[in-house]
Every structure is written in C-alpha cells, then in structure tokens.
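Colleague: I am new to reading protein models. Could you walk me through one?
Modeller: Gladly, let us look together.

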Amino acid sequence: MPGTVILTGANSSAGLHASEHLLKAYPHHTAVFTVRSAADADINTNSLRAIISRYPKTKAFIHELDLADLTSVHAFATTISDAVASGQYPPIKSIICNAFYWNLVDDPVLTVDGYDKSLQVGHISHVALTLRLLGSFGPDGGRIVLISSVAHFRKKSPMSPYLPEIPDDVDLLVHPRPDHDKQGRGFQRYGTLKLVVTTWLYPLNEYLQKDPNLSKVTAVAVNPGNLGDSRAFTTNTPNSIQFMQKFVMKPLMPLIRRFADPTFRPSSEAGRDIIELGMGKADDGERGYYTLLEKDEPDPSALDTEKQQKIWTKSVEWAKINKDNTALKTAFE
C-alpha cells in the first residue's frame, strides 16, 4: 500500500543518494524531503531538485524545516499530520531521521531553544517529529530509522581523546561546557549524540510494542558506515581534517575499506541502505541496532536500562512532548 516517507537532511551527502534511491526503487510512495533551507540559492537543495526532476512520475515534496527550532519542528509535524488526515498525503510508512549537525572548531553552539545544537538537530527535534507523527502511521505500521554511528562506541578515536558519555546529570548534554580543545570536545559531542540516539531507541521500541495501536511500528538505529566522501568533513572542521579527506580518505577509500575498515565506504551506499531499512525491510518486524544492513549489538552502555529511562524522560521533556500531543499514550501512563 502506498505511504508517505519522510527523510530529514535530504540534501546531505547520504541524503541525496537516499532520495534518489527512494524515488527510483519505491516510486509508488510519496516522498517528503526536509531541508534546512529551500532557497533557490542553496546549491545542495538544487541538487535535490535536480534528482526529483529525473523522476517526473513520482510524488516528491521539499519542505523547509529548521531542526534547530522546536517551534518549526512542531509546526511541520502539524502540517504533515493534517495532510495525512485530509488525504493529501497517504499514511506514513517511514520516518528516516538522517539530519545531524557537528562543530569541531568552536565552543558549543546553542539553539533558539537554549539547547546544544548538535543534540537538538540530531536527536531532540527528531524525538519531537517522530512522537508527534506516530498517529499518522497506517494500520499496517511502518518503520522509524535513527542514524547512529561507530562513533557512539566508548572506544578511543583518532578524532578525539574523549569518549562518548551520558553523564549522571543528563542536563549537561544540552548545556555542555566550553573547552580549549575544540576538535576533541566537538567530536565527543558528536559521539555522545549518537550514543544518546542509540540509547533512546530501546525505550522507544518498548513503548511501541506495549501500545496495541502502534505495535506494528518498528524502530531501528543504523551505523551507516564511515563515509569518506561526506561533505560533513568540510563543514565546521579544522583544516587538518579537510586535508585528510582530500588526500587520504577519498583517494585511498578502496584500500582503507579492504585492509582497515570494512565499513569505510561512499555516501551512495549508505543512502541506499538507510532507504532499504526504512522501506524494503520495513515489514520484517525487526527492531534494534544495525551495522550497515546486518543486525548487530550497540555499545553496552546503550543497553543500560537506567540510562535508557533517563534519556527517554529528558528527551520527551526537551522535545516538549506530552500525552496530549503524541499517540504513544503508553509512555505517559
């Protein structure tokens, strides 16, 4: 049955490839692509428009969505839920939470809501969007895809000497302290974001399974691999990382993949896989963590039930979700 597929960050490196794969492989579905800027001057959004133009028989719509502003997120959720209710869009089949933000050259940046921008764009706003739209899924359910990363593992990384961490005082996640080591702490915030996303996955699935009306909606978190050609390496990053991508990561990608990291791959493959998890595998009933398209285990800290509940409770608070604006009533009983 045709459904609506929502993809955030649709004009990102992996997002562009995901968008094209969705339109090419699943043309009977309605695609809702969100971008931070839909301006004609935005080169990346114009790339998305060019992709859409190659598939004129599909139904694809670009929506401007500022994930750094919860007012914008809640307004967008209302727009989509109203469109589904009126029949303008078919029921939701999949929500793919692809967008993220990082900054490895500055102190933490706060959003208009007063939260760390990395955490809000990559997690809090996706919490709001997902929970607000659960009531717009069809009776056959569907799939929520969260984007994790190998960076969520509490292991040493050449990008940072600091491990991802969910502190006892979880409010420190939204109000991180400045530090002289911009790259190290910036990458730690990114890894912590992905740890938070992965941890939140488990109570989300638990509550979905308990709700008789939403038990057919399944959630997965995927490590899409290390994307050596991603534009992220040239955005808010020091010159050393940009140099490394240009002269090492891109030209040596096949060798790195073969001899050092089998998940080191181009964005095109990641884009295809996140769509397959959201669409081709959407009805397999599986939940949990994936590496590429294979079921896997996350970092053990993501399975700590006490931390899971802390993250769940604070996430819905930060996202301004309550029993009156989500269909997931079991989470508030």
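This is a predicted model: local features need pLDDT of at least 70, side-chain atom pairs count only at pLDDT 80 or more; totals for chains, interfaces and linings use all residues.

**Reading the sheet, the rings and a loop**

Modeller: Let us begin with two strands: β1 (residues 4-7) and β2 (residues 30-35) pair in the parallel sense over 4 bridges. Strands pair if DSSP finds at least two bridges between them. Strands (E, at least two residues) and helices (H or I, at least four) are DSSP runs, numbered from the N terminus.

Colleague: What is the strand order in the open sheet of 8 strands?
Modeller: The order is β3-β2-β1-β4-β5-β6-β9-β10, with mixed pairing. The edge strands, β3 (59-64) and β10 (294-295), each pair on one side only.

Colleague: Which strands does helix α8 lie across?
Modeller: Helix α8 (residues 267-278) lies across β1, β4, β5 (142-147), β6 (217-223) and β9 (288-291), and runs at about 145 degrees to β5. Axes are lines fitted to C-alpha atoms, for helices over the stretch in contact (heavy atoms within 4.5 Å). Angles run from 0 to 180 degrees between N-to-C directions.

Colleague: How many aromatic pairs does a search of the whole structure find?
Modeller: Rings of Phe, Tyr and Trp (its six-membered ring) pair if their centres lie within 6.5 Å; planes under 30 degrees apart are stacked, over 60 edge-to-face, and the rest tilted. The search finds 11 aromatic pairs. One of them, Trp102 with Tyr190, is edge-to-face, at 5.1 Å centre to centre and 70 degrees between the planes. This pair links distant parts of the chain: Trp102 is in the loop between β4 (92-97) and α4 (117-133), and Tyr190, 88 residues apart from it, is in helix α5 (residues 182-210).

Colleague: Are Trp102 and Tyr190 buried or exposed?
Modeller: Buried means under 20% relative accessible area, exposed over 50%, and partly exposed in between (1.4 Å probe, protein chains only). Trp102 and Tyr190 are both buried.

Colleague: Where is Pro27?
Modeller: Pro27 is in the loop between α1 (13-25) and β2. Its relative accessible area is 40%, so Pro27 counts as partly exposed.

Definitions and conventions
Residues are numbered from 1 along each chain as its sequence is written. Side-chain values use heavy atoms; hydrogens and water are left out.
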